[in-house]
Amino acid sequence: MSAPLTHQQPDPRLADSVFLKAARGETVPHTPVWYMRQAGRSLPEYLRVREGIGMLESCMDADLVTEITLQPVRRYGVDAAVFFSDIVLPLKAVGVDLDIKPGIGPVVANPVRTLADVAAIPDLTPEHVPFITEAVRRLAAELGGTPLLGFAGAPFTVASYLVEGGPSKEHARTKAMMFGAPDVWAALMEKIAGIAAAFLEVQVRAGASAVQLFDSWAGALTPADYAAHVQPHSARVLAAIGELGVPRIHFGVGTSNLLGLMGDAGADIVGVDWRTPLADAIGRVGGRAVQGNLDPTLVFAPTEVLLARAAEVIEAGRAAPGHIFNLGHGVIPSTDPGQLERLTEFVQTYVLD
């Protein structure tokens, strides 16, 4: 990165944050809770402010980012705010021709095929994302003792969009490049790792207290292929942020067989999706803290069922050095916010002693 930003001084009230204490493996009065996509499509106030505004346009507007990030903190009283962004936003910021199509996802106009295509992608600097710096600084000031969680897509998932040209279930072109053009693949992963690290660094230096590296599609890989072709690049991102001294969460979907490797990539906390029993995950992540992992569909069950299953997750999490309660993936758009309010209150009042 050019011209690194000066670190914002953290709010002294963050010393009492249960989220940060749990992330560091310290004793907490209750299990901290936040939700992936908590500032997303289920909140009526979110839908109002996003009306008629595209996703990437929203992510590049400091006023909107600030408001959307704060909405679930106001409504639910969660123990951490997650920065409102998208995994392809850094690519858009450096000039890649892409858009997020409603009902489809990220669509790239000119998919990456060659080393020249990789070389044409600029590295990210703070000058590409002034709206990020502005929004994070505002949020850090507004949130006070509630930590802000920075966010970025992991190299494999971002690479899959660039290679496939859009979302894919099979990741056939991605794997074809990985196995058939390893020089292009390595260059692409190196490029994206640098962009992700720079994007997270901007957020941390502006005031984010922790980060999450989100690998949506890593579950498409075998452990051997992940270790050989992906883990070193995610490790580069996590190592760069580790130098800034903030907790690092690494989360993937369908990654039960990769949890140990994802922890070894440099995570302080390993996110666990809903498919893997939390007790099993704790045994796989090498003595690290864990995050998760209530099935997101349980919010549609009767409240007593939802809370009983949440209690099981909290109890399982007690075996880990630290546990942050979350759903095992993002909040489903049709979720009743009232159910998340009840769930949040339950987790925050569940007695750990």
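Thr174 touches Phe156, Ser160, Val163, Glu164 and Trp185 when residues up to four places away in sequence are not counted, a contact being heavy atoms within 4.5 Å. This residue is found in helix 9, where helices (H or I, at least four residues) and strands (E, at least two) are DSSP runs numbered from the N terminus. At 0% relative accessibility, Thr174 counts as buried; the classes are buried for under 20% relative accessible area, exposed for over 50%, and partly exposed in between (1.4 Å probe, protein chains only). The model is predicted, so that local features need pLDDT of at least 70 and side-chain atom pairs count only at pLDDT 80 or more, whereas totals for chains, interfaces and linings use all residues. Residues are numbered from 1 along each chain as its sequence is written, and side-chain values use heavy atoms, with hydrogens and water left out.

The chain comprises 16 helices and 9 strands. Its radius of gyration is 19 Å, close to the 20 Å given by the globule rule for 353 residues, so the chain is as compact as a globular protein of that length; the radius is taken over C-alpha atoms, and the rule is 2.2 Å times the number of residues to the power 0.38. Along the principal axes, the C-alpha atoms fill a box of roughly 55 × 40 × 40 Å. Of the 353 residues, 59% are buried. Among contacts with a separation of 6 or more, 74% are accounted for by residues 24 or more positions apart.

Helix 10 has 25 residues and reaches 36 Å from its first C-alpha to its last, close to the 36 Å expected at 1.5 Å a residue, the expected span being 1.5 Å times one less than the number of residues. Because 19 of its 25 residues are buried, helix 10 is largely enclosed by the rest of the structure. Gly207, with a positive phi near 140 degrees, follows helix 10.

Helix 7 (residues 130–143) has 14 residues and reaches 20 Å between its first and last C-alpha, close to the expected 20 Å. Its buried residues are Phe131, Ile132, Thr133, Ala135, Val136, Leu139 and Leu143. They pack against helix 3 (55–59), helix 4 (62–76), strand 1 (81–82), helix 5 (89–94), strand 4 (148–153) and helix 10. After helix 7 comes Gly144, whose phi is positive, near 60 degrees. Leu139 is also among the contacts of Thr69, together with Ala81, Val82, Phe83, Phe84 and Leu148, leaving aside neighbours within four places in sequence. Thr69 itself is in helix 4 and is buried, with a relative accessible area of 0%.

For helix 12 (residues 231–242), the 12 residues should span 16 Å at 1.5 Å a residue, which agrees with the 16 Å between its end C-alpha atoms. Gln231, His233, Ser234, Val237, Leu238 and Ile241 are buried in this helix. The cover over these buried residues includes helix 8 (155–164), helix 10 (182–206), strand 5 (210–215), helix 11 (223–229), strand 6 (248–252) and helix 13 (259–264).

Several backbone features were also identified. Arg37 has phi near 60 degrees, a positive value in a residue other than glycine. It lies in the loop between helix 1 (18–23) and helix 2 (44–50) and is partly exposed, with a relative accessible area of 44%. His171, likewise not a glycine, has a positive phi of about 55 degrees. The loop between helix 8 and helix 9 (172–180) holds His171, which counts as buried at 3% relative accessibility. A cis peptide bond, with omega near -10 degrees, runs from Gly292 to Asn293; Asn293 lies in strand 8 (residues 289–294).

Finally, Ala308 is found in helix 15 (residues 303–317) and counts as partly exposed at 41% relative accessibility. Ala308 and Phe346 are 38 residues apart in sequence, and their C-alpha atoms are 9.9 Å apart in space.
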